[in-house]
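Reader: Could you walk me through this one? I'd like to start with a helix and then move on to the chain contacts.

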Amino acid sequence: MEGPPLRGAAPFHFMGALVASWRIAQVALAMELTQAEWTAVGLSLKVATVAALAGLPFGVAVAWLLARRDFPGKGILNALVHMPLVLPPVVTGWLLLIGFGREGIFGRALEACCGLVFSFRWTGAALAAATMGFPLVVRAIRLSLEAVDPRLEQAAATLGAPGWRVFLTVTLPLAAPGVIAGLVLGFAKSIGEFGATITFVANIPGETQTIATAIYTTTQDPNGTPATIRLTLIALSIAFAAIVASEGLAARAKRRGQAA
Amino acid sequence: MIVIDVQFARGDFSLRAAIRAKGRILALVGPSGTGKTTLLNLVAGLERPSKGLIAIGDLVFFDSQRRVDLKPYRRRLGYVFQEPRLFPHLTVAGNLRYGMKDAALGQPLVAFDDLVARLGLGALLARAPQGLSGGEKQRVAIGRALLSDPLALLLDEPLAGIDDARGENIFAIVETLRDAFKIPMIFVSHRRDEVSRLASEVALVERGRLIEAAPAA
């Protein structure tokens, strides 16, 4: 991670980058993908979308705690949030297997209460992806929450708004660009996630095989190079578009004045 | 009756106030940096005294002996800060309406259209606060506080940066609220004319110490 994603967006040629990523996508789309490859691409998009959206409320909550609250153990929470960034992904995946596998303490509870099964399912791939992207999501949202002027929140409180209403009507709207940037980053990270995913839910075509794990399979096959190239181009275009979108949004957030 | 009898400390800054004003309108005067704004923040509940009593009339906001400490949003105070603090993501109208209660809850202190006209904000309602002049912003902030149907007003140099004609207009509104609605007010001011025209009592704040309340001259 080179600095926070909300800064340094100055001489970024948004349109140029967008056109470049569209060209790559055109090359990718002109290719004939096999059924299995299409399945992997579709599954990747599904997993990344669900991971980004389902992880977002947790990301907002943790970012808010870190940005606005003082409590014992805050440093520990911050360290825990950043763990997936520094741990070997295979370790994160294994910990998910222990905790959220069918015999895991959380896995068993979630299956009992909501019929939610993670192990060797696409839902598990989404959980792994959301976990790996979580530090990036929290970081983006936290920075934008910290940039919200607390004096505006005080003003809202004196106008009769309870804490939750202040958060929903003042804090969150003002932090929206960071929340969107976090969403896009979480999505992009999910598209690229490999280590934790393959450890937690393996590499089952049609169920848990994403673009990343599909590429892993094709690289193991001596005749798999064309498939590897096709999938790589798709991965490139998706990741590129996501980062471009995130940078563009960050630049917009910068242009928008904070205090009136 | 306005009571601000508190001890407060934050870092190097400490404040000891023993204000018991009999009237409804209290002016806080004194050199800058002595804690006048802090006193308003204590009344609004944005800062917390270590102990003491804060009350306006029958409304007890803070009482360390009886363990009363109302949250800011329950105090129903219209607070006009020194800087406008407008919400940048809302229009002028959105800012004005932010604190407005459900119309079903009863007649508001001042009607929206009437206040907008008196503050001269009619042409600005759809604008974003970023484009307004300093005086315009301050007028929106005053309107926003009055429309929240407050039980008392806290004004921190409300007319600073507002030209005389507009200031006179706002003065008239504040006087109306004082006389017609008997609404209590605490205001910080550097201006002699403001103090003598509005206040029934004056408290002098010096080096974070009280601070005696005396009838306005």
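Reader: How far does α4 of chain A reach from its first C-alpha to its last?

Author: Helix α4 (residues 89–100) of chain A, in this predicted model, has twelve residues and spans 16 Å, close to the 16 Å expected at 1.5 Å a residue, where the expectation is 1.5 Å times one less than the number of residues. Helices are DSSP runs of H or I with at least four residues, strands are runs of E with at least two, and both are numbered from the N terminus.

Reader: Which of its residues are buried?

Author: They are A:Pro89, A:Thr92, A:Gly93, A:Leu96, A:Leu97 and A:Phe100, buried meaning that 20 or more other C-beta atoms, placed from the backbone, lie within 10 Å of a residue's own. Because they cover an arc of only 145 degrees around the axis, they sit on the same side of α4(A), the arc being that of the directions from the helix axis to the C-beta atoms.

Reader: And what covers them?

Author: The cover includes α3 (74–86), α5 (105–114), α6 (122–146) and α9 (195–201) of chain A, with contact taken as C-beta atoms, placed from the backbone, within 7 Å.

Reader: Switching to the interface, how many residues of chain B are in contact with chain A?

Author: On chain B 21 residues are in contact with 18 residues of chain A. β7 (77–80) and α4 (134–147) of chain B each supply at least two residues of that side.

Reader: How much of chain B is buried?

Author: Of its 217 residues, 43% count as buried.

Conventions:
Residues are numbered from 1 along each chain as its sequence is written. Chains are lettered from A and ligands numbered from 1 in the order in which they are written. This is a predicted model: local features need pLDDT of at least 70, side-chain atom pairs count only at pLDDT 80 or more; totals for chains, interfaces and linings use all residues. A residue is buried if 20 or more other C-beta atoms lie within 10 Å of its own, exposed if 12 or fewer, and partly exposed in between; C-beta atoms are placed from the backbone. Two residues are in contact if their C-beta atoms, placed from the backbone, lie within 7 Å.
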